[in-house]
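User: I am new to this structure and would like to learn how to read a few of its features. Please show me the model first.

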Amino acid sequence: MSKPKVFCTHPLFETPRKLLEEHFEVEYWNRPERPPRAEVLKRVADTDALICLLTEKVNEELLAAAPKLRIAANVAVGFDNIDVPACTRRKVVASNTPGVLDETTADFAWTLLMAVARRLLEGDRLVRSGQWTGWNLDQLCGADIWGKTIGFLGFGRIGRAVARRASGFRMRVIYHDAVRAPAEVEKELNATFLERDAVLAQADFVSLHVPLLPDTRHLMSAAQFAKMKRTAFLINTSRGPVVDEAALVAALDAGRIAGAALDVYENEPQVHPGLVGRSNVALAPHIASASVETRTKMATIAAENVIAVFTGRRPPTALNPEVLEAK
Ligand code: DGY
């Protein structure tokens with residue numbers, strides 16, 4: 001009997017490849033650039049399972065082009081690229097990769113925070129340029145991190161992992177979330193729940209950790225920047241459209257805030273030109289979860305979800321498990 005077919009829009013890593021190849025006939029997109037949409041639509045026509053990245057939209061158009069599809073496994077925790085209700089209507093399981101990337105992403109939020117506050121990238125450029133003339137008293141003086149206030153908008157697994165690291169810097173932790181964290185979490189992290197505007201007004205560093213939803217699109221816009229301290233920094237490792245980039249550029253132009261460090265952008269891979277030339281902005285190419293260990297785990301979970309669907313087991317991280325229960 002022929003094996004079911006899986007199309008992976010990336011070559012993945014060795015561990016998940018081996019797992020998949022035991023069970024399936026696997027086709028990979030092997031080129032360095034992301035696959036053009038037409039290519040994805042062509043390749044899903046005859047596939048039973050899809051493993052995709054957040055750069056691929058799994059929507060009505062794709063589902064209509066993939067009549068045999070039983071699962072779309074996203075190699076990311078965020079799933080704003082997947083129309084989950086549309087998958088459910090077509091009885092296609094959708095899955096993501098929660099849990100395995102929290103600590104790695106939290107490490108990177110701190111990498112960004114420290115880089116922008118302590119002007120690391122400016123210093124790196126100065127040293128490499130050959131223009132550095134030696135130690136000087138007022139050279140590249142940044143902002144202290146230790147002892148300051150870090151404020152979170154969104155306080156789920158990743159926000160909490162970032163907060164856990166704040167105690168080493170003896171920082172005050174404040175947060176706002178649609179759902180208040182349990183008392184034991186607040187106690188462990190020494191975190192104070194405040195209204196969103198109070199977080200914006202009191203934080204020296206505002207770190208974003210919300211999913212992209214209709215309600216969180218442009219959560220940070222002109223009105224919110226106006227509430228922040230002029231000395232505060234914005235850190236975004238969540239999703240680009242959570243920040244109104246034009247409003248951020250205007251706030252930076254006006255000196256409304258001190259700087260920003262971003263891993264994600266409104267229209268990736270394009271970056272607002274008003275951000276690119278600024279020295280008080282640190283820019284990363286959406287790599288917060290990019291450690292070899294974590295990206296391997298993410299791809300492995302995607303593979304495990306696919307294998308589970310075809311071996312009659314419950315996919316570990318299905319977003320719409322009701323699809324299987326209904327069968
Ligand atoms: C995710 O998983 O949603 C990230 O943005 C990529 O790690």
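Predicted model: local features only at pLDDT ≥ 70, side-chain atom pairs only at ≥ 80, totals over all residues.

User: At what angle do the axes of helix α1 and helix α13 cross?

Analyst: Helix α1 spans residues 14–23 and helix α13 spans residues 292–310; their axes come within 8 Å and cross at roughly 15 degrees. Angles under 35 degrees count as roughly parallel, so α1 is roughly parallel to α13.

User: Is the crossing of α1 and α13 left-handed or right-handed?

Analyst: The crossing in which α1 passes α13 is left-handed.

User: Which residues make the contact between α1 and α13?

Analyst: From α1 they are T15, P16, L19, L20 and H23, and from α13 they are T296, A299, T300, A303, E304, V306 and I307. Sorted by class, this contact of α1 with α13 has 7 nonpolar, 4 polar and 1 charged residues.

User: Now to salt bridges. What is the general idea, and how many salt bridges are found in the whole structure?

Analyst: In general, side chains of opposite charge can pair when their charged atoms come close. Searching the whole structure gives 25 salt bridges.

User: Which parts does the pair of K68 and D46 tie together?

Analyst: K68 and D46 form a salt bridge in which the closest N and O atoms are 3.1 Å apart. K68 sits in the loop between α3 and β4, and D46 in the loop between α2 and β3, so the pair ties together parts 22 residues apart in sequence. K68 counts as partly exposed because its relative accessibility is 38%, and D46 also counts as partly exposed, at 36%.

User: Where do R89 and E60 lie?

Analyst: The side chains of R89 and E60 meet in a salt bridge, at 3.0 Å from N to O. R89 belongs to helix α4 and E60 to helix α3, so this pair ties together parts that are 29 residues apart in sequence. R89 counts as exposed, with 55% relative accessibility, whereas E60 is partly exposed at 32%.

User: What residues are joined with R164 and E188 into one network?

Analyst: Start with the pair itself: R164 forms a salt bridge with E188, and the closest N and O atoms are 3.0 Å apart. R164 in helix α7 and E188 in helix α8 are 24 residues apart, so the pair links distant parts of the chain. R164 is partly exposed, with a relative accessible area of 37%, while E188 counts as exposed at 51% relative accessibility. Through salt bridges that share partners, E103, D107 and R165 are joined with R164 and E188 into one network.

Terms used:
Residues numbered from 1 in each chain as written. Heavy atoms only, no water. Axes fitted to C-alpha atoms, helices over the stretch in contact; angles between N-to-C directions. Helix = DSSP H or I, 4+ residues; strand = E, 2+ residues; numbered from the N terminus. Parallel < 35°, antiparallel > 145°, perpendicular 65-115°, else oblique. Left-handed = near helix turned anticlockwise from the far one by under 90°. Contact = heavy atoms within 4.5 Å. Nonpolar A, V, L, I, M, F, W, Y, C, P; charged D, E, K, R; others polar. Salt bridge = Lys/Arg side-chain N within 4 Å of Asp/Glu carboxyl O. Buried < 20%, exposed > 50% of the residue type's maximum accessible area, 1.4 Å probe, protein only.
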